[in-house]
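These are my notebook entries on one structure. I looked up the aromatic pairs and then the surroundings of the ligand.

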Amino acid sequence: MSDFAPDSVAFATGHYIGGEVVQAGERIDVARPSDGAAYADLPIADADIVDRAVASATKAVAASGWASQPPRERARALRRWADLIEERAVELGRLEALGSTRPIAQAVTGDVASVAEGIRFFSEWADKLGGEVAATRHDNLGMIVSEPYGVVGAITPWNFPLSMASWKVGPALAAGNAIVLKPSELTPFSTVRLAELAVEAGIPAGIFNVVQGNGVVTGDALSRHPGIAKLSFTGSTRTGIAVMKAAAETGIKPVTLELGGKSPQLVFADADLDRAAACIAGSLLANAGQACVAGSRLIVQRPVMEELVARLKARLATVAPGPTWKAATSYAPIISETQARRIDDILERSRLQGAECLLGGTRIEGHGGAFYQPTLLAGVTAQTAAVREEIFGPVLTIQAFDDEAEGLSLADHPEYGLAAGVYTADLGRGLRAMRALKAGTVWINRYSRTLDFILPTGGYKSSGIGKDLGRQAV
Ligand code: NDP
């Protein structure tokens with residue numbers, strides 16, 4: 001992977017409706033997270049433009065035969081799209097790196113590669129889900145037939161723009177739907193390129209539409225549009241509630257919500273501490289903690305706390321921050337000054353509540369954009385702001401426990417239940433913890449997603465409803 005010049009990347013700045021770039025709406029500036037420089041402007045889709053995109057999608061479903069064609073044809077188009085994404089991995093990766101927090105090396109070999117493989121995974125369901133014959137009375141024959149919704153609406157966040165788009169678009173298109181997707185206004189452009197490549201691969205124009213804009217105008221208009229038959233959202237719990245309300249105000253439709261997390265890393269004294277430290281540090285450093293499943297609460301058995309914290313400090317002390325267009329950069333910037341101030345604010349309130357910084361706690365200066373030091377926070381309780389609130393930054397709180405019951409009780413968060421890590425040499429204990437923890441995903445002696453797209457992801461409690469990925473997403 002080589003460096004690239006940020007000004008050398010070409011991209012479309014409009015909406016993508018019916019296979020065409022559309023420049024309509026008031027415009028706002030978009031800044032690069034790495035250095036804060038404004039590099040393009042973006043039109044905001046109002047309710048009329050959203051309506052135009054939904055109409056285009058509705059028409060495309062009816063006119064193109066996307067849903068009614070042999071499902072293997074649909075699968076073949078999706079596979080061609082995946083191949084094209086792979087061929088254009090560097091181009092797509094550069095666009096992703098330019099506008100988001102994803103360093104170029106990770107964007108190309110991680111994000112884009114996973115987008116292509118994820119779309120292949122979903123393509124394989126096109127002719128696999130027909131429904132079932134019900135166990136009725138012998139003289140009845142009842143069939144349960146699965147059908148596409150029609151037009152699906154999706155709203156994606158800024159932390160992994162291409163990946164999050166593929167998680168929504170892949171299953172929707174494989175099942176024969178069209179989609180209207182709103183990316184975050186902070187990271188808008190790579191999603192349009194993804195949609196352009198879909199059309200280039202032979203997916204009919206109008207099946208994948210992108211409306212650009214902010215949450216309160218465009219996101220709200222999409223959520224409440226009566227022509228959207230199903231809505232899928234990833235983002236904060238607060239916005240998830242707004243999306244669900246807006247959707248309900250114009251009718252009844254299913255809403256999938258992949259929301260925030262405050263995921264525990266539960267380490268027992270018999271764990272392989274080096275492995276645990278590697279997994280926990282890896283989760284904290286990945287996208288600088290700006291991930292819904294970030295393992296942000298260390299809950300460690302008292303006898304090994306000191307040793308584990310020492311190992312974590314060693315792993316977190318040397319990070320390589322830098323612009324996302326440099327191949328050597330591995331540590332991501334914070335998406336925006338607003339987000340960095342949120343982190344400042346939660347740390348400040350936590351300190352006032354008695355929290356003590358064992359490492360980091362401040363920004364990394366000198367880069368133009370906002371970067372945050374990996375931060376370890378001790379002296380916290382269940383009431384501390386940093387333990388209660390999702391931070392979306394590289395901050396790990398540390399709490400000690402004495403026995404299994406206390407560990408599990410501390411791991412349980414009153415609001416969130418997205419993911420959890422358990423580290424122990426005792427398989428029975430690991431499986432017991434898996435059953436006890438109220439989390440959509442529990443990793444034992446590891447902490448990261450793999451290319452096993454068959455595993456669904458989603459949350460308990462305010463972490464969401466419904467699933468992304470897996471058979472369940474289709
Ligand atoms: P939001 O949840 O507000 O943003 C997620 C998406 O929702 C974006 O596309 C956003 O658009 C859109 N949106 C915002 N308001 C509305 C609305 N009223 N109706 C419909 N769509 C809307 O996250 P923020 O960017 O404000 O980040 C704040 C916090 O949210 C983070 O600190 C983090 O804790 C959490 N978060 C969680 C994510 C996850 O993966 N679970 C992802 C992102 C954030 P736009 O950005 O254009 O305003």
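**Entry 1: aromatic rings**

I looked up Phe401 and found this residue buried, with a relative accessible area of 0%. Buried means under 20% relative accessible area, exposed over 50%, and partly exposed in between, with a 1.4 Å probe and protein chains only. The model is predicted, so I note that local features need pLDDT of at least 70 and side-chain atom pairs pLDDT 80 or more, while totals for chains, interfaces and linings use all residues. Residues are numbered from 1 along each chain as its sequence is written, and side-chain values use heavy atoms, with hydrogens and water left out.

Phe268 is also buried, at 0% relative accessibility. The ring centres of Phe268 and Phe401 are 5.4 Å apart and the planes stand at 80°, so I put the pair down as edge-to-face. Rings of Phe, Tyr and Trp (for Trp, the six-membered ring) pair if their centres lie within 6.5 Å; planes under 30 degrees apart count as stacked, over 60 as edge-to-face and the rest as tilted.

Where do Phe268 and Phe401 lie? Phe268 is in the loop between β12 (263-267) and α9 (273-285), and Phe401 is in strand β18 (residues 395-401), so the pair ties together parts 133 residues apart in sequence. Helices (H or I, at least four residues) and strands (E, at least two) are DSSP runs, numbered from the N terminus.

My search of the whole structure gave ten aromatic pairs. In one of them, Phe121 and Phe122 have ring centres 5.0 Å apart and planes at 75°, so this pair is edge-to-face. Phe121 is buried at 11% relative accessible area, and Phe122 is buried at 1%. Phe121 and Phe122 form one aromatic cluster with Trp125 and Phe453.

**Entry 2: the ligand**

How many residues surround the ligand? I found 28, and the closest are Thr156, Trp158, Glu185, Ser236 and Glu390. A residue counts as near if one of its heavy atoms lies within 4 Å.

I then looked up polar contacts, which are pairs of N or O atoms within 3.5 Å. A polar side-chain atom of Trp158 lies 2.6 Å from a ligand oxygen atom. For Thr156, a backbone N or O atom lies 2.8 Å from an oxygen atom of the ligand.

The largest share of the shell, four residues, comes from α7. Domain 1 (6-258) and domain 2 (264-451) both give residues to the shell, so the ligand lies between them. The domain bounds come from an automatic or database domain assignment.

Technical notes:
Polar contact = N/O pair within 3.5 Å; in protein donor to acceptor, adjacent residues only side chain to side chain.
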